[in-house]
Amino acid sequence: MSNNLLQQKQKILVIDDHETVLNGTIYALKQHYPEAEIRTAQTAQQLLEQLPSFKPDLVVMDLSIPEKVGEHDKSDVGIQLLKTLMQQYPTLNFTVQSSYMKALVRIKPAIDAHQGGFTVADKSLSTKEMLKRVDWALQGLTYTKDLKAIHSGLEIKQDWLTLLQLAFEEELQDKEIAKRMLVSDRTVRHYWTKVQDVLDVYPDEGKKNIRIQTEKRAREAGLID
Amino acid sequence: MKRAVWQKILDTYARWQIGALPGFTFLGLIIFVRLTGFFQYHEWLVFDSFLRWRPTEEVDDRITIIGINEADIQSLKAYPIPDRELALLIDTLQEYQPRAIGLDIVRDHPVEPGHQELTAVFEKSKNLFVVEKVLPETIAPPIISTVQIGFIDAVFDNDGRLRRSLLGMPNPQDRQDYKHSLTLRLATAYLASEGISLENGIRDVKTMRFGAVELPQIHPYSGGYVRTDAGGLQILLNYRNSQNPFHSLSLNDVKSRNFDPAWLRDRIIIIGMTTPSAKDVFNITAIASSHSAPGEIYGVEVQAHAVSQIISTVLDGRSLIWTWADGWEYLWIMGWGIVGIILGWLPLAPHKNFIGVGIASICLVGASYVLLIWWGLWIPVVPTVLVLVLNGVGLTAFYQYDRAMRSRLNERQSTINHTYTTIHNGPLQTLKLLIKQSRDREIHQDELISKLTQIDSELREVYESLEREVQTQEHSLRIGSGQEINLNAPLHETLYQVYSQTLERDFPCYRTLQLKIPNFEPIDERHLSIEQKRSLCQFLEEALCNVGKHAKGVTRLRTDCLQKEDQCIVRVKDNGSNSSVSSEGRGTKQAMQLARQLRGKFHRQSSPEGTICELTWRTKKSWFS
């Protein structure tokens, strides 16, 4: 799948206030996407200035960033920025890099509603893993496993549950599901990525059928009979 | 209780002390500088200014000045004025029966022609007073009865201004011989015919007294004076503030009888030179000068002012200028110094403090002015204002700095305490457990990593919570899981945090949970106060805790926080078999109270199929949207 994406010229915007991290990330991205156009920002302000004209496909961002040049970095700034961006660009793809992912729990409702790709990548992840998350985000997938509660139980929105029931109990096509749920096709696709994230179903190298895997996991979890 | 009050007093005293020390130092310094005499000039300046700013007074028609001016000398073509002219003048004046005549022109040797005639006039005029100078350079009086001689010596201040009137002193050549000034002679003569005689003082036996009026004698430290020569009996000059304080005639006016006879009859007439060439001028700034150059006044006019002030005081109740005893003056300065300290100490915004000091200074200057104008009381102004402003403004800076430092220290201390407690309750406990398990070799590699990860996240939470505490102070809520929730965030985000944090807690019933269905959507919260948001968070927390504690066998948990049109709902619904929740618990009461506050409803229902716990309320309609 990533080969397909390589055909197009990717536009990636990376924000991190640490020069070394920024350079490392860019190096890795350049290796992986030699054709991509990559730009950088070190503060929230710089990012907001570049965004409208650059129109990136993906924003790779650190949570702990300064508001303006010369200010200290705060995770609050990153979170506020993320919230603003998700509101203004509902289909923009994000990969959030941080060493403390739990901070994102605060805006989980907004992340759940976001239609674009959204993956998180802990800074301690290997480069290979990190690039995988970037790839997923570019595909519009969601990966928020690190935010999930340690204790029992799956957390799922009612709409996503309805989707599962319509798809696997009534065996409907996506188009029909959209009609029944009174939402767009795009929203149905968005629901799928969210459900897959809930059920820990992510694309893997073995190229298994994702829908079948989703159904299997949903049954295991008791979401469908 | 008593102890707490006492402690508070001690604390207040300690805070007050910080500024009080520099405050009293300023005060001591000002008093020291005052004693060096440094402020004398400034005090005189203020004193003269106050006197100049008095309302204008009426003419004192008890006194008439005969001023021999340049025109008179031109027509006589003689200077000094020949004795005959003076004899003629006195004779003419006597025709109008004045009460007393003062001849403020020295006549220590004959000025012919007419010496014989003048001597004859001196002999027959019992109401005539002539002058001598007692202090070096001395000038002898003409031959006349000693009770008709008054001296014209004057005492000047260091700035060359004349502010005092010397009334009497022992003769330096013969200490037994007590000399009277011309001023005193004329005043005594005038008042004697009113039946008021010159006596010794009663309150102050060393001073003089006319009837009930004791003349307020100057001492070396009177008013603004410091170590001044207060020899003899001196009083301060309370110049009559007027452009023309006395009727005045020239020699030619008298010769040509060009005057109103009423000006002379029964009056005090003072004859003197009113021409610059006679060199009988004094520097004063207490009143506007009348005839001569700016800041100068003729000697004969000074005599008139000096005589007038005594007679007006005795007969009209006009005030002489008096001063406080030194003790009162220092008490006054210290009092205002303390007012300054208090103004500096008051916990006001700096600009308000300046305004306070400004108002206090205006009051102080105003009071000093009024006291001098109405009661003739001259009190120290310059050191008093200075100490007030120095203390008021200077100590403001002192106290503000101290207050800022103190609050910073408190903040730091509480941060340290808070950090320690948080670390102690969280990561340190985990760490200790880990050490114990490691020692017992009970721990696997995987578990070790997971425990270390937990410590890592707990330590990070300490930082997060501290940061939020600094930013929001009271606008946060600490929930049971130990997390701080920022109440300034949108309500659905805040409630989601409460939700996700609470579900991470280790309650027995959460273990059977398979499905959690959260639905957190934005709610119109414009009319909710921070306190109400806090209560809503606590309501949700309580409801979720109840699920964890009582919902046996729960597999599904649906949590809603949403708004349908104007209806807001916070609802927790589980499918556990709940039997033991009493509906009268503390949480229930709080929920009902919150519902009342929001004018909504609290509803809770348990059945074998599960429990619903919900709070609903309507958003208020805004008048503007």
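B:Glu132 stands opposite B:Phe151, a residue in strand 4 of chain B. Three bridges join strand 3 (residues 128-132) of chain B to strand 4 of chain B, and the two run parallel. Strands here are DSSP runs of E with at least two residues, helices are runs of H or I with at least four, and both are numbered from the N terminus. Two strands count as paired if DSSP finds at least two bridges between them. Strands of a sheet pair through backbone hydrogen bonds, either parallel or antiparallel.

This is a predicted model, in which local features need pLDDT of at least 70 and side-chain atom pairs count only at pLDDT 80 or more, while totals for chains, interfaces and linings use all residues. Residues are numbered from 1 along each chain as its sequence is written, and chains are lettered from A and ligands numbered from 1 in the order in which they are written.

Now to the two chains together. In total, 22 residues of chain A are in contact with 21 residues of chain B, where contact means that the C-beta atoms, placed from the backbone, lie within 7 Å. On the side of chain A that touches chain B, the elements giving two or more residues are helix 5 (108-113), strand 9 (154-155) and helix 7 (158-169) of chain A. Strand 9 of chain A is joined by two bridges to strand 19 (residues 515-520) of chain B, and these strands run parallel. There, A:Leu154 stands opposite B:Leu515.

Chain B also has annotated spans. UniProt, in an unreviewed entry, places the feature "transmembrane region" at residues 21-41, 330-348, 355-375 and 381-399 of chain B; positions follow the numbering used here, feature names are shortened, and annotations may be inferred rather than shown by experiment. Residues 355-375 of chain B are 100% helix and 0% strand, with end C-alpha atoms 29 Å apart. Residues 330-348 of chain B are 84% helix and 0% strand, with end C-alpha atoms 28 Å apart.

Definitions and conventions. Two residues are in contact if their C-beta atoms, placed from the backbone, lie within 7 Å.
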